[in-house]
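Hello,

I am passing this structure on to you. Please open it first, then read the notes below it.

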Amino acid sequence: MPGLELSRDFYAEVVRPVVTDVPHSAALIGAGSEVLAFDTERSTDHDWGPRVVLFVAGSAEEVRRAVTAGLPSSFGGYPTVFGGRNGVEIVEPARWFTERLGFDPCREPRELTALDWLSVPWQRLAEVTSGEVFHDGLGVLERARATLRWYPGDLWRHVLAAQWRRLAQEEAFPGRCGEVGDGLGSAVVTARLAREVMRLVLLMRRRYPPYAKWLGSAFARLSGSAELGDSLSAATAATDWRERERHLGRAYERLAALHNRLGLTGPLETSVRSYHARPFQVIGAQRFADALTASIADPAVAALPPVGAVDQFADSTDLLTHPGRCRAVTRALLDL
């Protein structure tokens with residue numbers, strides 16, 4: 001049974017009867033492969049089972065005692081205590097959101113700042129906006145999830161432009177490495193570029209790219225991504241730099257066509273071309289970054305340094321899993 005289905009039944013049959021008289025909201029959101037629907041049989045070997053995040057107003061201690069006393073030892077064939085604790089997390093909403101994101105999206109005023117948006121890793125945004133709300137008696141979860149569903153228009157353009165720049169910075173390198181006989185270097189850069197293409201496509205399709213373990217799975221679930229995925233797979237499997245370049249070129253051209261279909265800028269030429277006077281084929285990714293930046297209407301967003309969101313300028317797990325550090329680094333880098 002998928003973890004989301006198990007947890008939905010767990011709330012309805014076990015948790016809700018215990019807290020019927022307590023104002024609350026309940027959901028399966030936050031950490032866990034089942035929140036993003038990527039869980040498999042392998043996931044059940046640790047920290048997996050019937051789970052609910054139970055949001056309450058004020059002190060949670062009395063509710064915690066009642067829930068603990070009312071839990072059966074197992075549900076649906078799985079223990080209700082795993083990883084050293086039971087599967088019901090009881091917390092106040094502002095505290096939970098602040099611990100996950102670095103800020104409370106339900107605060108007043110409710111409009112999120114550029115710092116709020118750009119300092120939250122994509123994985124965390126996916127965890128908060130995926131999963132399922134089982135009950136929203138406090139009236140906070142659906143509102144917060146709707147707020148965080150996707151970037152405002154100008155910030156979306158800013159993030160897309162930063163992702164195109166990541167391609168622009170290295171798109172000629174598979175050929176340059178191969179030309180000097182560095183086959184390993186060419187392969188490594190090709191894999192890096194494939195990763196950036198996948199993340200860019202997800203961003204274009206208004207999906208927060210998950211962290212490395214689930215990136216390929218999330219990309220494969222996108223409708224219409226099969227041919228692009230085939231090109232990227234062929235590029236990373238190739239043993240010759242010219243073959244890598246050829247398959248990357250096909251991927252780039254599909255990526256450029258997708259950009260034009262979004263209509264965020266005027267149409268741009270979608271064919272690969274030579275990298276200056278050198279014999280390497282590229283898409284000229286900086287063209288797309290520049291066009292997106294030029295289309296930003298808000299002068300404050302247009303003036304931001306061209307580094308994008310925290311995932312685009314940082315790659316340390318010890319940073320990206322610590323909201324306070326993410327917020328501090330982003331504030332310093334963007335001078336916000």
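Helix 9 and helix 11 are roughly antiparallel to each other in this predicted model, because their axes cross at roughly 165° and angles over 145 degrees count as roughly antiparallel. To find the pair, look at residues 183–204 for helix 9 and residues 226–237 for helix 11. The two axes come within 9 Å. The crossing is left-handed.

Which residues meet between helix 9 and helix 11? From helix 9 come Thr190, Ala191, Ala194, Val197, Met198 and Val201. Their partners in helix 11 are Leu228, Leu232, Ala235 and Thr236. Sorted by class, this contact has eight nonpolar residues, two polar ones and no charged ones.

Now for the cavities. The structure holds one cavity of 30 Å³ or more. The volume of the largest cavity is about 50 Å³.

What lines the largest cavity? Start with Glu171, Ala172, Pro174 and Gly175, which are among the lining residues. Glu245, Leu248, Gly249 and Tyr252 also belong to the lining. So do Phe280, Gln281 and Val282.

Three elements each supply at least two residues of that lining: helix 8 (173–179), helix 12 (241–262) and strand 10 (278–282). Helix 12 gives the largest share, four residues. By class, the lining of the largest cavity has six nonpolar, three polar and two charged residues.

Over to you.

Best wishes

Note on methods: Residues numbered from 1 in each chain as written. Predicted model: local features only at pLDDT ≥ 70, side-chain atom pairs only at ≥ 80, totals over all residues. Heavy atoms only, no water. Axes fitted to C-alpha atoms, helices over the stretch in contact; angles between N-to-C directions. Parallel < 35°, antiparallel > 145°, perpendicular 65-115°, else oblique. Left-handed = near helix turned anticlockwise from the far one by under 90°. Contact = heavy atoms within 4.5 Å. Nonpolar A, V, L, I, M, F, W, Y, C, P; charged D, E, K, R; others polar. 1 Å grid on protein atoms, 1.4 Å probe; cavity = no way out; pocket = protein on both sides within 12 Å on 5 of 7 lines; lining within 4 Å. Points joined across faces, edges and corners; volume = space filled by probe spheres on them.
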